[in-house]
Amino acid sequence: MTERIVVVAAALYDGDRLLAARRSAPPALAGRWELPGGKVESGEAPEQALVRELREELGVEAEVQDRVPGEWPLKPPYVLQAWRARLRPTSPAPKPLQDHDELRWLTPDELWDVDWLDQDVEAVGALKLLRGAGLCRYAAPPRGATSPNAPAPAPQQNPPSS
Ligand SMILES: Nc1nc2c([nH]c(=O)n2[C@H]2C[C@H](O)[C@@H](COP(=O)(O)OP(=O)(O)OP(=O)(O)O)O2)c(=O)[nH]1
């Protein structure tokens, strides 16, 4: 059986803004947006791989937090996993040093404004499953929509007074 190789991706937050990175290569993926990260190397823990990839690709020092529930198959033998992360207070700001040609910090309302890679649509949709204030506004895009916007949550109904 072929070995599975995990690609780790960061849901890197600054407050409630999520970092999206536009791929510059390979040609088939260039121009599409992803959560930055890369392949876990032999002997590496996923969290270590993510810190390394974020340092190499963006020049940042990141702290990896909790895992985003789920796992998304890529071209075999790769599978995508995502982790919530944030910048360490002393970290430089991210720059597109490797593999990317543009970065965007997306507010919750802008989350679906970029053309995510197919599996990232699933991964970004799963961010709503994370615990944490503000994140409950994230929702998966409607099926078939090309540039969906996450709907605002329904206003909370007050219970009827008796
Ligand atoms: N990093 C990353 N890769 C993703 C995502 N979604 C997705 O389909 N992929 C694909 C693109 C690539 O085919 C593969 C990861 O390759 P990569 O080029 O980022 O990995 P790497 O930095 O370790 O690359 P390399 O050493 O092989 O050059 O997974 C995502 O959100 N983040």
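How far apart do the end C-alpha atoms of residues 3–131 lie, and what percentage of the span is helix and strand? The end C-alpha atoms are 32 Å apart, with 16% of the span in helix and 40% in strand. Helices (H or I, at least four residues) and strands (E, at least two) are DSSP runs, numbered from the N terminus.

This is a predicted model, in which local features need pLDDT of at least 70 and side-chain atom pairs count only at pLDDT 80 or more, while totals for chains, interfaces and linings use all residues. Residues are numbered from 1 along each chain as its sequence is written.

The UniProt record, an unreviewed entry, annotates residues 3–131 as "domain: Nudix hydrolase". Such annotations may be inferred rather than shown by experiment; their positions follow the numbering used here, and feature names are shortened.

| Pair | Sense | Bridges |
|---|---|---|
| E1 and E6 | parallel | nine bridges |
| E5 and E6 | antiparallel | seven bridges |

Alanine 9 has alanine 82 in E6 as its bridge partner, and glutamate 63 stands opposite arginine 86 in E6. E5 (residues 62–73) is joined to E6 by a hairpin of four residues.

Around the ligand there are 16 residues, of which Ala9, Glu34, Gly37, Gly38 and Lys39 come nearest. A residue is near if its C-beta atom, placed from the backbone, lies within 6 Å.

How values were computed. Pairing = 2+ DSSP bridges.
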